Amino acid sequence: MPTMDYVLPLRWDDDGDLDELTGYLRGLSGLVNVTVVDGSPSPLFERHADRWKGLVRHVPPDADLRFANGKVNGVITGMRLARAEHVVIADDDVRYGEAELTRIDALLRTTDLVRPQNFFDPLPWHARWDTARSLLNRAVGADYPGTFGIRRSTFVAMGGYDGDVLFENLELIRTVRAHGGREERPLDLYVRRLPPDPARFWSQRVRQAYDDLAQPARMVLFLAVAPLLVAGLLRRRPRPILAGAALTVAMAETGRRKAGGRRVFPAVTVLFAPVWVLERATCIWLALASRVVHGGVRYAGRRLRTPAHPVRHLRRLPPSDRVLTGR
């Protein structure tokens with residue numbers, strides 16, 4: 001394996017998955033230089049330090065970073081410590097193998113940001129539900145994963161990215177674009193992801209819908225679905241509704257077939273596409289109400305108003321060296 005850095009931002013409230021993550025880090029540390037930036041409460045942090053001593057670099061987020069989105073504090077802390085030019089940023093539920101890391105390293109020789117495709121394994125019912133979102137995203141472009149590969153020099157040149165937003169992955173993508181960086185979206189670069197538990201899945205529905213406020217065309221589309229559905233039901237016209245559901249399934253199947261996706265996405269997942277669209281069409285109204293009534297959506301004990309900034313806004317901002325130097 002070439003020299004690469006791997007940054008894992010972490011904040012846990014319990015250690016139910018500690019053994020599994022430790023096993024993953026043990027294998028990963030033989031492939032890349034791993035930094036775990038741990039914002040967990042003190043007793044958990046100390047337990048992690050004991051388990052991972054000599055295995056990975058284990059540090060808390062830097063004290064000068066006070067972004068509302070704690071993940072960004074972890075990412076920037078890790079990027080400050082990274083020394084390799086090629087860096088993987090990954091959530092704690094992402095599971096890389098040697099082949100995927102090698103592919104990202106190769107792609108980063110000619111691009112600034114690599115955006116892989118996550119897939120859930122194992123695949124309980126709620127992971128099948130959420131997989132439908134990935135398939136629809138693939139049908140019209142690319143999905144938003146829980147991991148990226150990025151050049152450290154690009155990250156330094158753009159001065160990091162804003163952590164006072166909800167959709168931090170989109171903010172990172174747009175900041176790279178705003179500073180002239182090149183993004184690669186290999187639809188066939190599949191990286192395994194562990195599914196959340198059902199309680200966490202349900203807790204994220206409105207918050208994830210709030211992300212669509214950063215993508216106006218997408219937001220308008222989903223805002224229109226519920227009224228059209230209600231109108232069809234009141235007029236007793238099921239055919240347009242059934243046609244819309246069939247179209248959604250067909251789009252999901254298109255996404256599943258792209259770039260060998262049938263290898264990791266079972267056929268049954270496309271049947272969840274109408275369910276996911278109905279969920280998003282409902283939750284987008286709740287997200288919009290949260291924006292109008294409360295000024296934002298709650299996240300980690302705070303309320304965030306901005307899902308992500310437009311590229312045109314980011315282009316107007318000069319790069320800052322404060323984020324990476326701490327000055």
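The model is predicted: local features need pLDDT of at least 70, side-chain atom pairs count only at pLDDT 80 or more, and totals for chains, interfaces and linings use all residues. Residues are numbered from 1 along each chain as its sequence is written, and side-chain values use heavy atoms, without hydrogens and water.

The chain contains 14 helices and twelve strands, which are DSSP runs (helices H or I, at least four residues; strands E, at least two) numbered from the N terminus. Its radius of gyration is 20 Å, close to the 20 Å from the globule rule for 327 residues, so the chain is as compact as a globular protein of that length. That radius is taken over C-alpha atoms, and the rule is 2.2 Å times the number of residues to the power 0.38. Of the 327 residues, 52% are buried, meaning under 20% relative accessible area (1.4 Å probe, protein chains only).

The following helices each supply at least two residues to the lining of the second largest pocket.

| Helix | Residues |
|---|---|
| α5 | 125–140 |
| α10 | 216–234 |
| α11 | 238–257 |
| α12 | 273–294 |

Among the contributors to this lining, α10 gives the most, with nine residues.

Definitions and conventions. Buried < 20%, exposed > 50% of the residue type's maximum accessible area, 1.4 Å probe, protein only.
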